[in-house]
Amino acid sequence: MSKLHEVLTPQNSQVIFIDQQPQMAFGVQSIDRQVLKNNVVGLAKAAKAFKIPTTITTVETESFSGNTYPELLAVFPENGLLERSSMNSWDDQNVRDALAKNAQDGRKKIVCSGLWTEVCNMTFALSCMHDTDYEIYMVADASGGTSVDAHKYAMDRMVQAGVVPVTWQQVLLEWQRDWARKETYDAVMAIVKEHSGAYGMGVDYAYTMVHKAPERVKHGERIGPNPAKQI
């Protein structure tokens, strides 16, 4: 049986964020950049909720790429940032060591989110898989390329090499798997409400209108209706 038949679990996964930095995001044209950041932070919060070991690596922070999104760093305030000079994260020994440490615990499925898809993500994925028995799960909607074609054909090339394409919400729900797992239920619902768009709106609607739960936020008094008098 292929290892790719195994679903992602909190026990077999680790996460790497590659170059989620503003100068890299400025060049992204394959996805709306606000959506991109939303998805990156949603994935980060999912990793935090399930206690998935997470590596954050950056390139040329002070000379070119800028500081990692503060919203991402806020999820992992204790994490070190592995600074590199190479576009290929696999060329950096600190990155290799971080991934190897987690792989020793059985976490050989590496969930990857990075910029750009066609450069930093692809070279890392191909090089890592060439040298190890790790499996790469590329989060397509938490990554971005310099054009739609650049992202698509890089994803195609990686898939041909054995990389598994996924989306951030798919990863979140694959880790949860069963709604009876109450220890992570509330955290997953909180992530969904904040980051999952229409799905999150639907959860809010069901909780408040169907199950009569209180609204998530306090707000001012609801006033009206007060139809204007016809003149």
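Predicted model: local features only at pLDDT ≥ 70, side-chain atom pairs only at ≥ 80, totals over all residues.
Is T54 buried or exposed? T54 is buried, with a relative accessible area of 12%; the term buried denotes under 20% relative accessible area, exposed over 50%, and partly exposed the range in between (1.4 Å probe, protein chains only).

Residues are numbered from 1 along each chain as its sequence is written, and side-chain values use heavy atoms, with hydrogens and water left out.

**Stop 1: T54**

Keep T54 selected; this residue belongs to strand β2 (residues 54–59). Helices (H or I, at least four residues) and strands (E, at least two) are DSSP runs, numbered from the N terminus. Display the backbone oxygen of I52, which lies 3.0 Å from a polar atom of the T54 side chain. Next, select V15, F17, A47, F76 and N79, which T54 touches when residues up to four places away in sequence are not counted; a contact requires heavy atoms within 4.5 Å.

**Stop 2: the nonpolar cores**

Select F17, L43, F76, V111, L172 and W175, the residues with the most contacts inside the largest nonpolar core, which has 37 residues. Such a core is a set of buried Ala, Val, Leu, Ile, Met, Phe, Trp, Tyr and Cys residues joined through side-chain atoms within 4.5 Å. Among the elements that each supply at least two residues of this core are β1, α2 (33–49), α8 (168–176) and α9 (182–195). The largest share, 8 residues, comes from α2.

Centre the view on L43: leaving aside neighbours within four places in sequence, L43 is in contact with F17, V111, S113, V139, A142, W168 and V171. A second, separate core of 22 residues can then be located through L99, C128, Y134 and V163, which it includes.

**Stop 3: helix α5**

Proceed to α5 and select V95, A98, L99, N102 and A103, the buried residues of this helix. They cover an arc of only 135° around the axis, which puts them on the same side of α5; the arc is that of the directions from the helix axis to the C-beta atoms. The buried residues of α5 pack against β1, β2, β3 (81–84), β4 and α6. At the N-terminal end of α5, select D92, which caps the helix through a side-chain oxygen 3.0 Å from the backbone nitrogen of N94.

**Stop 4: salt bridges**

The structure holds 10 salt bridges, each defined as a side-chain nitrogen of Lys or Arg within 4 Å of a carboxyl oxygen of Asp or Glu.

Select K109 and E6, whose side chains form a salt bridge (3.4 Å, N to O). K109 lies in strand β4 (residues 109–114) and E6 in the segment before β1 (13–18), so this pair ties together parts that are 103 residues apart in sequence. K109 is buried, at 2% relative accessibility, whereas E6 is partly exposed, at 37%.

Because K109 lies in strand β4 and E135 in strand β5, the pair ties together parts 26 residues apart in sequence. Both K109 and E135 are buried. Salt bridges that share partners join E6, K109 and E135 into one network.

Finally, select K108 and D133, which meet in a salt bridge (2.8 Å, N to O). K108 is partly exposed, with a relative accessible area of 29%, and D133 is partly exposed, with 38%.

Methods. Polar contact = N/O pair within 3.5 Å; in protein donor to acceptor, adjacent residues only side chain to side chain.
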